[in-house]
Amino acid sequence: MRKSRFIWLPLFLDTLIMKILSIDTSTDYICLGFGINDELISEISLRVPKKHSQLLPQLVRNLLEPVTVDLRDIDIITLSIGPGSYTGLRISTAFVQGLALSNENLRTVCVDSLTVYAQRFQNCKETVAVAVDARSKAIYGAVFDVSDAHPTPIIPSGVFSVKEFVQKLNCFPKIILMGNYANKIETSVKTILPNDFAIPSPRNLLALGYQEVIERKFISAENLEPKYLRDYIPGKAKVFFDSA
Amino acid sequence: MKVLGIETSCDETAVSIIENNTILSEQVYSQTVHESLGGVVPELASRDHIKKLYVLACEVLDKSGLAISDIDAIAVTAGPGLPGSLIIGVSFAKAIALMNKIPIIAINHLEGHVFGVKLSYEITPPFLALLVSGGHTELIYVHNWGDYKLLGTTRDDAAGEALDKAAKVIGLSYPGGPEIQKIAEKGDPRSFRFPIAMLHSDDFDFSFSGLKTAFALTIRKLGIEKTKRNLANILASYQDAIVDSLLLKLDRASKKFGINRIVISGGVAASKRLREKATVKNWELYMPETKYCTDNASMIALAGEFYLLKGQQTPMNFPINSSWMLGTPLSMK
């Protein structure tokens, strides 16, 4: 395994100026943000169904060129690690690993994809529920208390049937619904469906990523792996007889 | 020119660095997760590639003594293959090219196998290439490097797939070819008659699904006890039917085009029986050593170097194409 060169890091990382690239490909969108520490400088959110791998490099270029930042100058990657589209998550994970191979000083932090949606409502008294399409009539869902600066899970990220998730939501008096399945959820409680409910915001991804940086929760490139939430168990092979 | 090759089209994760047709460093990881499952499970393959690709790339760089900044270009398999697997290699490769501002070239996996013969031999086209593996069965007329005509392909299962599926039916592990070969060595290949499909067709296509069904029917008819007693004979006969089917079409193509120089590559080319039967033909035969018959990244880097030296590269927004046909351009939809 490659050894990262020793990098001097001050005790308090918030005193350092860090260039941070945020990447989310967990849905049909590519959401990119460039920030200096927790301040968002530029962002791109583009719906690119099944074209993430084709367009990600060009969009990274489009993000950084107007602010005259070279990709080599990036210190930190904030990666939205899932749950979400398996293929989308693997594209950004492999992409970040490729970047890390090219720059030994690059560090990565990972952020739960559902928390990114909830972060938008920080310091708000409401409850935020996130529902993202997991196919086969299932959703990746979570419910957050957002009364602080950072969302606290009331129901942590998990895989639910739509019916099961709705039952859980019906226990809350009022909820804000986010995620690309939010408009398909029908609850018996009062719900708010904000604009852009389906788009993970680069601003919020950066905010969560920066917190991980301050807490030094770096993940090495060889340990980057999407948060699948589901084990994949293939069907057992039909065998006429066991010759072994 | 130092070219970093990346191959993740199926269940091998492979990285290599070559310069002037010479391998500087290479690594191949063959996934073991599919062994008890009777075939490659695409989702498991994708999950394994993500775990291994970065680690292998680091090892290849370390062993070569090179830094990533020493690499001049990237060559990556963009198809044919499993979409979820291809996209990992391609995304990884694009990031390296983007960060280092170096050219990238998308390589057809089958063309990689054609170039792969150069890893074992000095050979000059024209020749006929039979690429035969668990995913492919293609007969190609190689007029020159980069100039091909696809003469024939399988209409259903690949030859290796027919071996894998038969192995699965009788509870052998994946890949089926080596397991079948081990048992078949003790058997008489003339003891059971299996059909050779498309024997009388005047094209160069193959078909193995009927053979596979005949195998299943045979063991069902014999029953468990008789099948167990005759297993070596059944498998020897079945293996020979596949080998004969491949060599028959190759022989016809050789005669029709007057080409005696033959290359047989791909995972099934590691089969001892195929090698035995091909060797006795009156051909100038090239069968790469086993490690270059199976999927590897050196063959991809080699094909990449060929095109890069001609000044070609692929725009960064290229897609993967899971059914990319050899000799056709990579669609840029």
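In what follows, a helix axis is a line fitted to C-alpha atoms over the stretch in contact, and the angle between two axes runs from 0 to 180 degrees between N-to-C directions. The model is a predicted one.

**The interface of chains A and B**

Chain A puts 42 residues in contact with 44 residues of chain B. The size of an interface is often given as the accessible area lost when the parts come together. Between chain A and chain B the buried area is about 4,100 Å², and carbon and sulfur atoms give 67% of that area.

Two salt bridges are found across the interface of chain A and chain B. Lys101(B) and Asp70(A) are joined through their side chains in a salt bridge, with 2.7 Å from N to O.

A helix from each chain also takes part in packing. Helix α1 of chain A, residues 52–64, packs on helix α2 of chain B, residues 83–100, at an angle of about 20° and with the axes 9 Å apart. Angles under 35 degrees count as roughly parallel, so α1(A) is roughly parallel to α2(B). The crossing of α1(A) past α2(B) is right-handed. On the α1(A) side the contact involves Ser53(A), Gln54(A), Pro57(A), Val60(A) and Arg61(A), and these meet Ile87(B), Val90(B), Ser91(B), Lys94(B) and Leu98(B) of α2(B). Sorted by class, the contact of α1(A) with α2(B) holds five nonpolar, three polar and two charged residues.

**Helix pairs within chain B**

Two packed helices are described by the angle between their axes and the distance between the axes.

| Helix pair | Residues | Axis distance | Crossing angle |
|---|---|---|---|
| α1(B) and α2(B) | 42–64 for α1(B) | within 9 Å | roughly 25° |
| α7(B) and α8(B) | 231–257 and 272–279 | within 10 Å | roughly 45° |

With a crossing of roughly 25°, α1(B) is therefore roughly parallel to α2(B). α1(B) passes α2(B) in a right-handed sense. From α1(B) the contact takes Ala45(B), Ser46(B), His49(B), Ile50(B), Leu53(B), Tyr54(B) and Ala57(B), and from α2(B) it takes Gly84(B), Ser85(B), Ile88(B), Gly89(B) and Phe92(B). By class, the residues of the contact of α1(B) with α2(B) are seven nonpolar and five polar, with no charged residues.

At roughly 45°, α7(B) and α8(B) are oblique to each other. Their crossing is right-handed. Gln239(B), Asp240(B), Val243(B), Asp244(B) and Leu247(B) of α7(B) touch Arg273(B), Leu274(B), Lys277(B) and Ala278(B) of α8(B). The contact of α7(B) with α8(B) comprises four nonpolar, one polar and four charged residues.

**Backbone**

Most residues other than glycine have a negative phi, and most peptide bonds are trans. In chain A, the peptide bond between Gly82(A) and Pro83(A) is cis, with omega about 10°. Pro83(A) sits in the loop between β4 (76–82) and α2 (86–102) of chain A. In chain B, a cis peptide bond runs from Tyr174(B) to Pro175(B), with omega near -5°. Pro175(B) is in the loop between α4 (159–169) and α5 (176–184) of chain B.

Lys137(A), a residue other than glycine, has a positive phi, near 55°. Lys137(A) is placed in the loop between β6 (127–133) and β7 (138–145) of chain A.

Technical notes. Residues numbered from 1 in each chain as written. Chains lettered and ligands numbered in written order. Predicted model: local features only at pLDDT ≥ 70, side-chain atom pairs only at ≥ 80, totals over all residues. Heavy atoms only, no water. Helix = DSSP H or I, 4+ residues; strand = E, 2+ residues; numbered from the N terminus. Parallel < 35°, antiparallel > 145°, perpendicular 65-115°, else oblique. Left-handed = near helix turned anticlockwise from the far one by under 90°. Contact = heavy atoms within 4.5 Å. Nonpolar A, V, L, I, M, F, W, Y, C, P; charged D, E, K, R; others polar. Buried area = accessible area lost by both parts, 1.4 Å probe. Salt bridge = Lys/Arg side-chain N within 4 Å of Asp/Glu carboxyl O.
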